[in-house]
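Keep an eye on where the parts touch.

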Amino acid sequence: MRKIILDVDTGSDDAVAVMAALLAKDLKVEAICSTWGNLDIDHTTENTLRLIEAMGKGDEVPVYRGCAAPMAKFLCKDRLPLAIRPLMKDGKEVHMHEPELKLEKATIKEQDLPAPLFYIDYLLHAEEPVTLVEVGPLTSLGHALRIRPEIVKNIEEIVIMGGGDRVANCTPCAEFNIWADPEAAEIVATCGAKVTWVPLDATHAAYLTKKDCERFRAIGTFEANFAADLIEGRILAHTLGQPLAEPDAAAVHDPLCICYLIDPTVLKDVQPVEIHLGFYGVGEGETIVDRREGLITPNSYFAFDADRFKFCDILCDLFTY
Amino acid sequence: MATRVILDVDTGSDDAVAVATALRCPDLDVLAICTVWGNLDVEDTTENTLRLVDKLGRAEVPVYKGCGTAMVKYLYPRGAVDTGRSSKVVDENGNELHIHYKRLSGLENPVEKKEEPIDAVTFYVQFLRAQTEKVTLIPVGPLTNLGEALSIAPDIADKIEKIVIMGGGDKVANISPSAEANIWHDPEAAEIVQQCGAPVLWIPLDATLSCALNRKDCAELRATGTWAADFAATLCEERIEFESKSVGGDKDNSSIHDALAVCSVIDESVLTEVEDAHVHIALNGYNEGETIIDRRCIPDKFNCRFAVKASHDKFLAMLCEYLGRSE
C-alpha cells in the first residue's frame, strides 16, 4: 500500500484525480492539500471538501488549506495574473473549471494547520516515505521545502502534473500550473527527491473522448457518472478554446498522475532530464528541458507520451466497485 | 506593563548587542527569539543566539531556528548580483578581520540550551494565531521567516502590533550601490513584510549611521562593569577595527544597527527624525534590495514610517543603562 498526499486546485480534472486516488485500493491517501490555481483558494478548498464528502469519505481524509497566491511572482506588477477571456457557447460562459462543483455544499471543514506547515509536520515525523502527487501550482510544497529542506528525506517520489516540452496551454511556452508559480516549481524540481513530470505532452496524448464518457456512465457508480459530467464539460471547453487533433476530446490531466502510480506503464517515453524553469519575460513558467549533449545532470523524469487506452481502462477499473 | 516582543536575528555582532539589550531591559517581555541566515549561516546564527541567551541567564527564552536561505532570489540564474566587495580585510599582522565572527568573542563555550523542536515559521503562525493581544516584532536580519509566515498565513498580520525592521536605507547603502544587506539578502520577503498590513517602522542605515559608536563610547559602556556591557563593548570595538580597515580613511566608529531597533521599541524618542513614507522594495536588477521611497510631489499613500536620524547620546545612554544592569 503506497501512501500519498494529494495537492489539488479542484478544478474539474483535479476532481477526477481525487476520486481515482480515493478509490484506488493500492493507494492510501494520507491527506489532501488544496492550493490556489484553477480557482481561488476558497473555491478549490470548498470543492475538495464537498467532493470527498459526496464520496462518503469526509471523515477519512483531512484537508489542509494551502496558499492563496504564488510565492513571489505577483509581487512584480509585470507578472500579475493573465486576463482570461471567457469562452462562450449559445450566449453563456463556458469554463474549463466551473467555480463550484455541482455537489452539495460541504458540511465538513478543513484543518487549522496551513498546508505548507502540514507538509513540514507530517514529513518530519513520518515513519515511512510518502509520495506527493502535485497537480496544481507548487506553492505549498515550495514553501515547505524552503522552510525545512530536510523534509525531502521522507519523500519517496514527487509526481507533478505540469509543464510541457512540445505542448503549452496558458502562454506560448508554458503550462498553467508551472507558470502560476515558477519559483515554487524550481524549488520542488531541484529539491533532491525523485521527481516525475506528467506534462502536457503526456496528458494531451492521453485524451479522453465522449465515447469514453459513455463507458464511464455504463458503470453507473457516483464517481463514474460525476467523472463523465466533468469530462464532458472539459470536452466542450477544449472544443471552444483548445481544440485537440481528435474532435470531441479533452485532456484530463491530473488523474493521469494517479493512474501512473497504479500502473507506471500508462506513461510512455519517460526520460531522465534536467529541468529548470523560466522565470521572467516570454519564457516565464516554461519547463526548460536541457538539450545540450553531454552537459546535463538529470534531476527528474519527464513523460513525453502516454497510453490513452490504458489510462481509460485504469479509470474504468477504479470507478467499478 | 512590559512590551511583548519577538526578536528575529542573524547573530551577528550587532544582533548580539540587540539581544543582550532586549533581555536586560525590564520594559520588554521577550516572548521568543527566531534565528535566520544572513550575517552567517543559520546554524551559526542559531548557535550564537543560544549561547548568548544562556550566558545572559535567560535560558527560559525559547529560540526557534529559522530559514537557511532566501525565499526565491538565489533561484534566479543571475539573482545574486556581484556586490564587488569580496576582498579580505586584514590587520597589520596579516590576520583576517570580520564584522561578524563565526563564533562571537565571549561565546566560545558550548551551552546546554537547544533550539525548540519547531521552526521559526511554524512558530510565528501558530503562536501569533493563538494570541489575544498583539505582539511587536523586531526583525533585524533578512526577513525570510516573516515573509514565509505571512505568505502561508496572511491572517497573522492582525496579531502584530508593529514590525520594527532594521534594514534599508535612503541616503546610505552598504552591500550594493543602493541596498542595505538585510533587505538585499531577501528582497521578496521584505516586500511581503512591508505590504502585509501591520504597521511598519523602518530603522534604516540613515538612522543607525547617525548614532554610530566610537572607541570612547565603548569604554564608557564597559565602565558600567557588567559581563553584558563588556561583551557588547568588545563586539563594538571589533566592528570599529573592521570598519576602519575596510572603509579606510579616518573612519573610527561603527553603527550598532540592530541594537537601535530594540532601543526604538523601548523608547521611540531615541529616534529624532521619522518620516511617513511610501516604500516598496526593488526586486531585481541593479537596484535589487533598495528600499525605494516614493519621492514624487504627490506620493502614493504612506505605508510605513522611516527613521532617518537618531540621538547618539540617548542611544549610548540606553545601552549603558540596560547592559549595565546587574544580572
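We begin where the two chains meet: 17 residues of chain A and 16 residues of chain B form the contact, with two residues in contact if their C-beta atoms, placed from the backbone, lie within 7 Å. On the side of chain B, the elements giving two or more residues are α3 (120-129), α4 (144-152) and α6 (187-194); helices here are DSSP runs of H or I with at least four residues, numbered from the N terminus. That side holds ten nonpolar, two polar and four charged residues. Asp, Glu, Lys and Arg count as charged, Ala, Val, Leu, Ile, Met, Phe, Trp, Tyr, Cys and Pro as nonpolar, and the others, Gly among them, as polar.

This is a predicted model, where local features need pLDDT of at least 70, side-chain atom pairs count only at pLDDT 80 or more, and totals for chains, interfaces and linings use all residues. Residues are numbered from 1 along each chain as its sequence is written, while chains are lettered from A and ligands numbered from 1 in the order in which they are written.

Now look inside chain B. Helices α8(B) (residues 215-222) and α9(B) (residues 227-247) pack with axes 8 Å apart at an angle of about 170 degrees; axes are lines fitted to C-alpha atoms, for helices over the stretch in contact, and angles run from 0 to 180 degrees between N-to-C directions. The two helices are therefore roughly antiparallel, the word for angles over 145 degrees. Among the residues that meet are Cys218(B) and Leu221(B) in α8(B), and Ala233(B) and Ile240(B) in α9(B). This contact has seven nonpolar, no polar and four charged residues.

Definitions and conventions:
Parallel < 35°, antiparallel > 145°, perpendicular 65-115°, else oblique.
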